[in-house]
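Hi,

Here is the structure I promised to pass on.

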Amino acid sequence: MALHQHRQPGMRFAGWRNTTSAAASSDSAAEVLAAPVTVARVAATTRLLTSFTFLWAFGDKAFGWGYATPAGKGWIDGGSPTKGFLSHVSAGPLEETFHSWAGAAWADWAFMLGLLGIGIALASGVALRIAAGAGTAMMALMWAAEWPPARHLSDGGLSMSTNPLMDYHVLYAAVLVMLAVIGAGRTWGLGAFWQSLPLVRRNRWLL
């Protein structure tokens with residue numbers, strides 16, 4: 001026995017209309033996600049979160065908030081922001097160099113001013129190119145200090161490296177460069193005002 005399905009008039013048109021409506025809705029959602037204002041806000045949020053990372057590191061090392069730096073061991077208490085980290089470098093071709101830098105006044109000042117300057121630049125949205133350059137240099141030195149390519153430490157122990165090339169220092173540097181390239185300081189920041197200054201217009205590297 002053959003079973004025949006009778007279509008109601010207009011059913012095919014209604015189905016096509018629903019499909020078209022769904023496709024249009026999907027395209028509309030994609031356009032909203034890709035809208036310049038959405039991209040700018042996502043970039044600004046990334047910039048502010050990254051700024052907090054640098055500013056928190058500065059504050060903890062300066063005042064000893066009891067996280068990475070124990071209370072009473074902060075920079076203002078006479079502690080060294082670089083001695084603990086650099087003196088424990090145990091792999092890589094610059095191991096002895098980092099040991100000689102550990103606790104040096106110039107190294108402490110350079111490190112802390114770098115953290116503060118990069119954090120302020122990101123938070124305010126100004127001088128992002130300078131921040132990207134300084135931040136990339138800092139991340140490169142910290143990457144070299146941890147030396148992810150090493151399988152073993154200088155004492156023969158396992159390095160426990162999770163990736164021989166890529167780690168969070170590389171990702172931070174990439175984020176800093178990306179924020180500078182796209183001008184992420186113009187949204188929720190002072191980037192537009194900064195770019196309008198005559199000095200900055202004459203010297204584009206200050207952007």
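**What I found**

Leaving aside residues up to four places away in sequence, Thr 69 touches Asp 60, Lys 61, Gly 64 and Gly 74, where contact means heavy atoms within 4.5 Å. Thr 69 sits in the loop between α2 and α3 (83-86), and at a relative accessible area of 8% Thr 69 is buried. On that scale, buried means under 20% relative accessible area, exposed over 50%, and partly exposed in between (1.4 Å probe, protein chains only).

Before you go further: this is a predicted model, so local features need pLDDT of at least 70 and side-chain atom pairs count only at pLDDT 80 or more, while totals for chains, interfaces and linings use all residues. Residues are numbered from 1 along each chain as its sequence is written, and side-chain values use heavy atoms, with hydrogens and water left out.

On the overall fold, the protein chain has nine helices and zero strands. Helices here are DSSP runs of H or I with at least four residues, strands are E runs of at least two, and both are numbered from the N terminus. Of the 207 residues, 30% count as buried. Among contacts between residues at least 6 apart in sequence, 61% join residues at least 24 apart. The accessible surface of the chain is about 13200 Å², and 66% of that belongs to carbon and sulfur atoms; the areas come from the Shrake-Rupley method with a 1.4 Å probe, and for residues only the protein chains shown count as cover.

Now for α5. This helix (residues 105-124) has 20 residues and reaches 28 Å from its first C-alpha to its last, close to the 28 Å expected at 1.5 Å a residue. The expected span is 1.5 Å times one less than the number of residues. Its buried residues include Phe 111, Met 112, Leu 115, Ile 118 and Leu 122. Their cover includes α2 (36-63), α4 (95-101), α6 (128-146), α7 (168-181) and α8 (191-196). After α5 comes Gly 125, with a positive phi near 85 degrees.

In one of them, the rings of Phe 98 and Trp 101 have centres 5.5 Å apart and planes at 85 degrees, so the pair is edge-to-face. Rings of Phe, Tyr and Trp (its six-membered ring) pair if their centres lie within 6.5 Å; planes under 30 degrees apart are stacked, over 60 edge-to-face, and the rest tilted. Phe 98 and Trp 101 are three residues apart in α4, about one helical turn. Phe 98 is buried at 2%, whereas Trp 101 is partly exposed at 28%. Trp 101 also pairs edge-to-face with Trp 106, at 5.4 Å centre to centre and 75 degrees between the planes. Trp 106 is exposed, at 51%.

Finally, Phe 52, Trp 56, Phe 63, Trp 65 and Tyr 67 form one aromatic cluster. Phe 63, in α2, is partly exposed at 41% relative accessibility.

Cheers
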